[in-house]
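Dear colleague,

Please find below the structure that I am handing over to you, followed by an account of what was found in it.

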Amino acid sequence: MKRILLFTIISLAFSVKAYSQFNASFEGIGQWYIDDKKIKLTVPDTADRIRTNAYLKFDYSLENWDFGLQAESYLPKALLNFSPDLKGVNIGTLYARYHNTKLGLDITGGHLYEQFGSGLILRTWEDRQLGLNNAILGGRVVYSLLNGTTLTALAGKQRIGMGFDLSDGMIYAANLNTSITDLLSTTDFSIDAGLSYVGRYEKDTISELPAMLNSYSARLHFLMNGYYIGGEYVYKGKDAVMEFGMPRMESMYPGQALLINFGYTQKGLGIDVNLRRLENMGFYSQRNLVGNEYNTGVMNYLPALTKQYDYSLQNIYLYAAQPYLQFVPPNAGEIGGQIDVIYEFKKKSLLGGKYGTNIALNASYWAGLKADMNMMAGTYTAEFLALGERYYNDLGIEIRKKTSKNWSFIAMYLNQYYNFYIEAHEGAAHANTLTGEATFKFGKAQSIRLEAQHQWAYKTRRELNQGEVIEVKDNQNWIGGTLEYTLNYNWSVYVSDMYNYGYKNADERIHYYNAGITFIKGATRVSAGYGRQRGGLLCVGGVCRTVPESAGLTLNILTTF
């Protein structure tokens, strides 16, 4: 029945193409996994070594109406480490929308994506790299009042697998945004405010937990003469702490989040500071999904507020936000912040030279909440602004310089500390990474880019030696590089390698080599690559998931038509 519905909607989309604005896109990712001398996969069946994810999306508009459909395929199985709930061929998302500017009305039925404020209380979105699509299947009404005030109300259930696999919990939400600047009819400054409510109704016939979980948020943002400051506070109602998929009945606690942003911008200078405190802020559309490795059913957006680095060795020790209340290992949440400073030396100045020079400085520090936790009793108390155990910190400086029409350079230094205790492992990593990149452009569209990296790193751990606890230091040095050649507007090729030469055990030393080719023509991009993938955290936009070590051939196709 679902396949008949899919075929009917696709046929309808093509039939109205002549009378409406029509857009379509296709993305396919295929991988053929293999074993080699260093990497042995845990996939036993040879038939499971070829896997694909594919997405076919249609959108069209007709006067005040918009319609959309996304069909998805995971055949014969989804890529490794994607949720096993993603399987077969089916409708992924489907929606219809009516909007009328004169009436100030916007109504959506079907799968919908929404964000209130910064997303601390509600954000639904799709990220194919993470295998994440947490759209809400239901209805939404947006009504625009006078003077920049907007009211939103929605209700539905969340997608937790393919398009019509839905959460047990029902979501109810409302949001009010208003521009105080418009109300005051001034242009001297800008003030925006907002209030949000999100509720989850999930009746549990086994436990005596309350069926309704209510959460509230308030936010305010001020901007004047290049200075800005904003804040958001969220209160999440009491809910049971989940352990091994089951509620811990004696541990019923609320959650809260506080986010403060401030900074200053002018031509050639930008300063941005983000401070955040999270306590017991895991918010899911279904209780037993709390903390799952695929981010299935997550309702709010809690990214790691650290710089998203561009180079491979800089991304070995990635920090993932720690918003959950748990007793093993003990953690009540996180507190910390980051600062970004960007400065551009003017052209023709002493340090700017002919083309100017850009310098960026970033630093972050994250710790657990300082809390007294009783694992046996399932109780805790946390101090509001006190820092607990250090989880992560980094300090990076990046310089970008163009020296001629042909040559440009990037140099970066990064210092990182990562505490493995947050993953229930004792020990910590200390890393210093130096990166250099040079690009030479010639001809109409030809270029050669060379990237070189080195990481001096070591891990510390505690061992028992003759009845005495000693600290052991393990060298973990890496070296890496990339060479990319762009032949013309259509073709480019690359080779890269990462090698952990500093590991003490020779069997653990691995060359993570890759080679690939890319073809671009109009709105179509095709790329193929062969090599090894390092296992660990994959983070996109600060949201992370674990990926396994693997080796093999990858083919990507992306096109719009």
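**Backbone: two residues with positive phi**

Lys348 has its place in the loop between strand E20 (333–345) and strand E21 (357–374); helices (H or I, at least four residues) and strands (E, at least two) are DSSP runs, numbered from the N terminus. Its phi is near 70°, a positive value in a residue other than glycine. Lys348 counts as exposed, at 76% relative accessibility; here exposed means over 50% relative accessible area, buried under 20%, and partly exposed in between, with a 1.4 Å probe and protein chains only.

Please note that this is a predicted model, in which local features need pLDDT of at least 70 and side-chain atom pairs count only at pLDDT 80 or more, while totals for chains, interfaces and linings use all residues. Residues are numbered from 1 along each chain as its sequence is written, and side-chain values use heavy atoms, with hydrogens and water left out.

Asn225 also has a positive phi, of about 55°, although it is not a glycine. Asn225 is in the loop between strand E14 (212–224) and strand E15 (227–243), and it counts as exposed at 61% relative accessibility. Most residues other than glycine have a negative phi, and most peptide bonds are trans.

**Cis peptide bonds**

Leu75 and Pro76 are joined by a cis peptide bond with omega of about -10°. Pro76 lies in the loop between strand E3 (65–74) and strand E4 (88–100). A cis peptide bond also joins Val328 and Pro329, where omega is about -15°; Pro329 lies in the loop between E18 and strand E19 (330–331).

**The chain as a whole**

The chain has 2 helices and 33 strands. Its radius of gyration, taken over C-alpha atoms, is 26 Å, close to the 24 Å that the globule rule gives for 561 residues, so the chain is as compact as a globular protein of that length; the rule is 2.2 Å times the number of residues to the power 0.38. Along the principal axes, the C-alpha atoms fill a box of roughly 70 × 65 × 60 Å. Buried residues make up 46% of the 561 residues. Of the contacts in the chain with a separation of 6 or more, 58% are between residues 24 or more positions apart, contact meaning heavy atoms within 4.5 Å.

**Nonpolar cores**

A nonpolar core is a set of buried Ala, Val, Leu, Ile, Met, Phe, Trp, Tyr and Cys residues joined through side-chain atoms within 4.5 Å. The largest has 57 residues, and those with the most contacts inside it are Val198 and Tyr317. Among the strands that each supply at least two residues of this core are E1 (21–33), E12 (166–179) and E23 (407–419). E23 gives the largest share, 3 residues. Another core, of 8 residues, lies apart from it and includes Val241, Leu325, Leu369 and Tyr380. Beyond its neighbours within four places in sequence, Val198 is in contact with residues including Phe116, Ile171, Leu213 and Met299.

**Aromatic pairs and charges over rings**

The structure holds 23 aromatic pairs. Rings of Phe, Tyr and Trp (its six-membered ring) pair if their centres lie within 6.5 Å; planes under 30 degrees apart count as stacked, over 60 as edge-to-face and the rest as tilted. The pair of Tyr317 and Phe420 is edge-to-face, because the ring centres are 6.3 Å apart and the planes are at 85°. This pair links distant parts of the chain, 103 residues apart: Tyr317 is in the loop between E17 and E18, and Phe420 in the loop between E23 and E24. Tyr317 is buried, with a relative accessible area of 6%, and Phe420 is buried at 14%.

Tyr319 and Tyr392 form a stacked pair, 5.5 Å centre to centre with 20° between the planes. Tyr319 lies in the loop between E17 and E18 and Tyr392 in strand E22, so this pair ties together parts that are 73 residues apart in sequence. Ring pairs link Tyr317, Tyr319, Trp366, Tyr392, Tyr418 and Phe420 into a cluster.

Arg123 lies over the face of Tyr301, at 4.2 Å from the ring centre, and Arg390 over that of Tyr417, at 3.5 Å. A charge sits over a ring if NZ of Lys or CZ of Arg is within 6 Å of the ring centre and within 35 degrees of the ring normal.

With kind regards
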